[in-house]
Amino acid sequence: MNPIQWLRGYFGPFHYPRDWLRSDLAAGLSVAAVQIPTAIAYAQIIGFPAQVGLYACILPMLVYALVGGSRQLMVGPDAATAAMVAAAITPLAAGDPQRLVHLSMIVAVMVGLLSVVAGLIRAGFIASFLSRPILVGYLNGIGLSLLAGQLGKLLGYQSETSGFVAGLLAMIRNLASTHLPTLALGASTLLLMILLPRRWPRLPVALVGLVLASVAVVLLDLERYGVDLLGAVPAGLPELSWPRTSYPELLGLLRDATGITIVSFCSAMLTARSFAARHGYAIDANREFIALGLANVGAGVSQSFVISGADSRTAVNDLVGGKTQLVSVVVALVIVAVLVFLHDALGWVPIAALGAVLMLAGWGLIDFRALKGFWRLSRFETGLCLMTTIGVLGVGVLPGILVAVGLALLRLLFLTYRPRDAVLGWVDGVDGQVELGRYPQAATLPGLLIYRFDAPLLFFNADYFKQRLLRLVEDSEAPRAVLLNAETMINLDLTGLATLKEVQQTLAAKGVFFAFSRLQGPAWELLQRSGELGELKPPLVFSSVRAGINAYQRWQAKQAASPLREGEPVA
């Protein structure tokens, strides 16, 4: 239910319950208390002044409230996305603030348009390609980079470097020039934000930390001791403008914009789906792609940077009891009021306190518990997670993610190329068939080999299937029939079809009959369309393994020349 539906609700079926208004207003004020300091801090990642971070919270939130499908999701500046934007545009800006804003607007609009197109062509399935281990590894890498990147703000030295390794090296070089008043203020703010939630978990600690740090600056006159402040924040709202660019510039930014689009969408979808499941409704991934895209176009035309789903602010919204996207409208209006009436107060915020907020955000991105769970369940997935983290830290966000996704796809191909297979039998007291490899004591019928291939039969594993089956037949004692349990062979291509015919002909030359059971789905449909069933001698497809076994037992009893002809094909 979005605001347009609410407005129509008083005259139609979408009525907005009046008792929700108090909850949405309270949630909006609570989210704004977290969104304002967070947006200012995340703008610092890219090198923007405070107002640019706040601009990213106005039009994008209003746009998503109108077209988004999640009732709880809050959009806005995101630490991981901001880090990707910084990596993409900071080298191109060459220290020019105006150029930095210009490039940021272009990237935001590009991400928005790419997202809209992806939603229109129903590419929401992309969210499935970033598995949980890859996303955890990516966020761990971003979190570590954020921690290293804020050391200069916390220790009081100037550093133009970015990245994990560069940040650590800069700290080592500048350790002797640590500014003690800045360190004391930043460390105190960080400690305060860590301890406060233990006693008051609903408190907007980022806002409290920045307010108290600003009060300390004023009361102790810390500016006189060299503590850097945020400085003057211009009053008013951003001017809306479409960024001008050129074809070479667009081409140069396309790769980064594509990577940011995928990561931003996947991150938002994880948050949106999690809270939708908690509240019992479904999320349309393609609609979310379009909604997030339009919100990013809004960020671009309002002189800001790429936004995404914000998990921490979404959690605050849910905790306070927000019911609908009216919460986003309230947050946007509060930020407008801050820019118009409270902009002077923002100038007293110390840079060290913003660094503390970002360090806390970076630490919050690191998930050691998930990594421990991965290690317990799958060593490969753990390695994939760690490689993603190392890739993000070493070669950059997008290359690191692409390497991890490539490894995951290669593993999937390998598992399909050499899948598990099994010879089947049965054990008294166990329903169905069991694998002889796991139950050596399982019984079998003399002369009957029941074989299962645990993958689709496709061009790159067809030869492996043929070799495995023929080798098993050769190793069997006096084989007279092979029953292929095809329940896991859910797909079949032309190469796989030709291979089945070759296997049937090879076995027939050895006097061994070849039959199928539980052939279904696209594999069964292709086999029917091909007409190969009429060429297979005999053309046997059984509805179940038990039906095939019964046919074989009847043949044994009769000792006929072609007993399997009595089994009727099952369509």
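Start by selecting Leu-251, which at 49% relative accessibility counts as partly exposed; here buried means under 20% relative accessible area, exposed over 50% and partly exposed in between, with a 1.4 Å probe and protein chains only. Before going further: this is a predicted model, where local features need pLDDT of at least 70 and side-chain atom pairs count only at pLDDT 80 or more, while totals for chains, interfaces and linings use all residues. Residues are numbered from 1 along each chain as its sequence is written, and side-chain values use heavy atoms, with hydrogens and water left out.

Leu-251 sits in helix α12. Helices (H or I, at least four residues) and strands (E, at least two) are DSSP runs, numbered from the N terminus. Helix α12 (residues 247–279) gives the patch its largest share, three residues.

Next, pick Glu-249. Which residue does Glu-249 form a salt bridge with? The partner is Arg-99, with the closest N and O atoms 2.6 Å apart. (A salt bridge is a side-chain nitrogen of Lys or Arg within 4 Å of a carboxyl oxygen of Asp or Glu.) Because Glu-249 lies in helix α12 and Arg-99 in helix α6 (residues 97–120), the pair ties together parts that are 150 residues apart in sequence. Glu-249 is buried at 15% relative accessibility, whereas Arg-99, at 28%, is partly exposed.

Then select Arg-255 and Asp-256, whose side chains meet in another salt bridge at 3.7 Å, N to O. Arg-255 is exposed, at 54% relative accessibility.

Now jump to Arg-452 and Glu-435, a salt bridge with 2.5 Å from N to O. Arg-452 belongs to strand β5 (residues 448–453) and Glu-435 to strand β4 (residues 434–435), so this pair ties together parts that are 17 residues apart in sequence. Is Arg-452 buried or exposed? Arg-452 is buried, with a relative accessible area of 13%, and Glu-435 is buried with 13% too. Bring in Arg-420 and Asp-454 and you have a network of salt bridges linking them with Glu-435 and Arg-452. The structure holds nine salt bridges.

**Rings**

How many aromatic pairs does the structure hold? The count is nine. Rings of Phe, Tyr and Trp (its six-membered ring) pair if their centres lie within 6.5 Å; planes under 30 degrees apart count as stacked, over 60 as edge-to-face and the rest as tilted. Zoom in on Tyr-417 and Tyr-464: their ring centres are 6.3 Å apart and their planes at 40°, so the pair is tilted. Tyr-417 is in helix α20 (residues 397–417) and Tyr-464 in helix α21 (residues 462–475), so the pair ties together parts that are 47 residues apart in sequence. Tyr-417 is partly exposed at 36%, while Tyr-464 is buried at 13%.

Slide over to Phe-459 and Phe-460, where the centres are 5.0 Å apart and the planes at 90°, so that pair is edge-to-face. Also colour Tyr-451, Phe-453 and Phe-465, which form one aromatic cluster.

Two arginines are worth a click. Arg-71 lies over the face of Tyr-281, 4.2 Å from the ring centre, and Arg-379 does likewise with Trp-375, at 3.9 Å. The test is NZ of Lys or CZ of Arg within 6 Å of the ring centre and within 35 degrees of the ring normal.

**Into the core**

Select Ile-46 and Tyr-138: of the 115 residues in the largest nonpolar core, these touch the most other members. Such a core is a set of buried Ala, Val, Leu, Ile, Met, Phe, Trp, Tyr and Cys residues joined through side-chain atoms within 4.5 Å. Helix α2 (residues 19–46) supplies the largest share of this core, 11 residues. Apart from it lies another core, of 31 residues, including Leu-484, Val-512, Phe-514 and Ala-523.

**Last stop: backbone**

Finish with Ala-94, in the loop between α5 (79–93) and α6. Ala-94 has a positive phi of about 55° although it is not a glycine.
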